[in-house]
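Visitor: I have a model open and would like to learn how to read it feature by feature. Could you walk me through it?

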Amino acid sequence: MGKSTEYMERTEKVILHTYNRFPVVLKRGEGVYLYDEEGKKYLDFGAGIAVFALGYHYKDYDQALKDQIDLLIHTSNLYYNEPLMEAGEKLISHSGLDKVFFTNSGTEAIEGAIKAARKYAWNKDGRTDHEIIAMEHSFHGRSMGALSVTGNSHYQEPFKPLIGGIRFAKFNDLESVKALVNEKTCAIILEPVQGEGGIYPAEPEFLKGIKEICEEKDILLILDEIQCGMGRTGSMFAWQEYGVEPDIMTTAKALGLGVPVGAFVLGKKAAGKSLVPGDHGTTYGGNPFACRAVSKVFDLFDENHIVEHVRNLTPYLEEKLDALAAECGCVKERRGKGFMQGLVISGRPVGEVAAKALEQGLIVLTAGSDVLRLVPPLVIEKEQIDEMAEKLKAVLAD
Ligand SMILES: *Cc1c(COP(=O)(O)O)cnc(C)c1O
């Protein structure tokens with residue numbers, strides 16, 4: 001444990017302690033495996049929190065980035081560049097929406113979506129007291145705006161006052177949403193599958209009901225696809241499977257495969273009557289390096305039928321996890337969609353389960369207070385699902 005111990009100690013001396021990190025120093029990745037400083041191998045069912053969707057060093061991805069480095073990394077948004085155009089075109093063709101704004105992170109995509117929704121409503125009625133309905137147990141990020149719509153009082157409390165006019169409804173409870181709608185409501189924001197909150201998929205009727213409310217009252221529907229999007233649940237974006245099109249969609253995480261990039265994407269209605277020059281900006285957002293990554297990611301998804309692969313393999317993954325749930329007393333329930341799955345753990349701390357799995361050479365995440373979260377690279381095969389199930393069984397039966 002020579003080097004690792006040293007690196008952990010030196011890191012803690014200088015990096016602000018906002019994370020309780022697992023005691024492992026990762027050095028390199030290959031496919032769906034990670035290796036630490038000592039050369040120990042880990043099967044990666046976390047993918048850097050649902051980011052590295054194609055695994056490490058997926059064919060042609062690295063080369064595209066290297067080529068772009070040789071051309072141009074950054075320009076600012078004062079000028080045009082080819083990767084920006086291409087990434088934008090691909091995000092539009094895959095979503096069917098109308099206009100893209102690239103950001104540096106998911107949180108910033110949420111900020112932009114909130115601003116676009118407020119501007120749209122302000123254009124309409126000139127009010128400055130608009131409200132947004134968000135969901136309990138949601139997660140949208142840590143900046144003041146994104147935190148304000150994150151339904152977790154533990155995250156919010158020390159940082160109050162947050163932005164005003166946010167009301168929280170119960171996820172999958174349409175009546176609780178209806179009860180909050182009034183003439184000031186400008187947007188409803190939710191994740192089609194809640195991630196950090198504990199892997200809760202929206203019920204189709206719930207999402208459809210919200211869409212109806214939005215259409216009837218001219219409220220903008222913001223769907224946060226930052227975690228559940230980019231093929232993870234078996235369609236390019238989770239809402240496509242529900243048949244519920246958002247007015248504004250946010251995306252990030254797997255969008256650039258580890259190159260920091262996010263986006264908010266507006267449908268026709270919101271694009272036409274919201275943000276205009278002077279309303280919003282970013283220095284880095286949409287730079288040629290990040291956009292080359294985005295553009296390549298869409299190409300690789302298409303050429304290699306990644307979304308289809310997820311759809312095809314989901315029954316196998318679910319079957320294996322259901323078997324685990326049946327065999328292991330501490331697993332209360334499995335829930336999720338596609339390659340975004342959660343096992344509800346009872347009777348022992350879920351963090352301890354994740355730590356034990358790591359010892360076994362399996363990386364898994366947690367979500368909420370008691371959910372073991374599995375968000376593997378989308379390129380896993382049956383053998384790796386078997387390997388995961390075997391390792392997890394050893395941990396859970398312990
Ligand atoms: C991760 C996440 C965010 C925040 O994205 P960052 O890139 O960490 O800023 C927002 N919404 C959802 C659903 C997420 O999973």
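Predicted model: local features only at pLDDT ≥ 70, side-chain atom pairs only at ≥ 80, totals over all residues.

**Reading the model, feature by feature**

Visitor: Is isoleucine 248 buried or exposed?

Guide: The idea is to look at relative accessible area, where under 20% means buried. Isoleucine 248 has 0% relative accessibility, so it counts as buried.

Visitor: Which residues is isoleucine 248 in contact with?

Guide: For this we leave aside neighbours within four places in sequence. What remains for isoleucine 248 includes Ala113, Ala116 and Ala117, then Leu220, Leu221, Ile222 and Leu223, and also Phe264, Val265, Leu266 and Ala270. As for distance, isoleucine 248 and serine 295 are 47 residues apart in sequence, and their C-alpha atoms are 20 Å apart in space.

Visitor: Val265 was among those contacts. Where is valine 265 placed?

Guide: Valine 265 belongs to strand S12 (residues 262-266). With 0% relative accessibility, valine 265 counts as buried. Its C-alpha is separated by 5.1 Å from that of methionine 249, which is 16 residues away along the chain. Not counting residues up to four places away in sequence, valine 265 touches Asp247, Ile248, Met249 and Thr251, as well as Leu91, Ile92, Ser95, Leu97, Lys99 and Val100.

Visitor: What lies in the loop between S11 and S12?

Guide: Leucine 257 lies there.

Visitor: Now a helix, please. How do I check the span of helix H4 (residues 82-95)?

Guide: Compare the expected span with the distance between the end C-alpha atoms. At 1.5 Å a residue, the 14 residues of H4 should span 20 Å, and the end C-alpha atoms are 20 Å apart, which agrees. Then look at both ends. At the start of H4, a side-chain oxygen of asparagine 81 comes to within 2.9 Å of the backbone nitrogen of leucine 84. After H4 comes glycine 96, with a positive phi near 75°.

Visitor: What covers the buried residues of H4?

Guide: The buried residues are Pro83, Glu86, Ala87, Gly88, Lys90, Leu91, His94 and Ser95. Their cover includes H3, strand S4 (99-103), helix H10 (238-242), S11, S12 and H12.

Visitor: How many residues does helix H5 have, and how far does H5 reach?

Guide: H5 (residues 106-125) has 20 residues and reaches 29 Å from its first C-alpha to its last, close to the 28 Å expected. At its start, a side-chain oxygen of serine 105 reaches to within 3.5 Å of the backbone nitrogen of threonine 107. Just after H5, glycine 126 has a positive phi of about 70°.

Visitor: Is lysine 119 in H5 buried or exposed?

Guide: Lysine 119 is one of the buried residues of H5; at 16% relative accessibility, lysine 119 counts as buried. Beyond four places in sequence, lysine 119 is in contact with Lys273, Ser274, Leu275, Val276 and Asp279.

Visitor: At what angle do helix H3 (residues 61-71) and helix H12 (residues 288-303) pack?

Guide: The angle is about 155°, with the axes 9 Å apart, and H3 and H12 are therefore roughly antiparallel to each other. Their crossing is right-handed. Among the H3 residues that meet H12 are Tyr61, Ala64 and Leu65.

Visitor: And at what angle do the axes of helix H13 (residues 306-327) and helix H15 (residues 382-396) cross?

Guide: They cross at roughly 15° and come within 10 Å, and H13 and H15 are therefore roughly parallel to each other. This crossing is right-handed. The residues of H13 that meet H15 include Leu313, Tyr316 and Leu317.

Note on methods:
Residues numbered from 1 in each chain as written. Heavy atoms only, no water. Helix = DSSP H or I, 4+ residues; strand = E, 2+ residues; numbered from the N terminus. Expected span 1.5 Å × (residues − 1). Buried < 20%, exposed > 50% of the residue type's maximum accessible area, 1.4 Å probe, protein only. Polar contact = N/O pair within 3.5 Å; in protein donor to acceptor, adjacent residues only side chain to side chain. Axes fitted to C-alpha atoms, helices over the stretch in contact; angles between N-to-C directions. Parallel < 35°, antiparallel > 145°, perpendicular 65-115°, else oblique. Left-handed = near helix turned anticlockwise from the far one by under 90°. Contact = heavy atoms within 4.5 Å.
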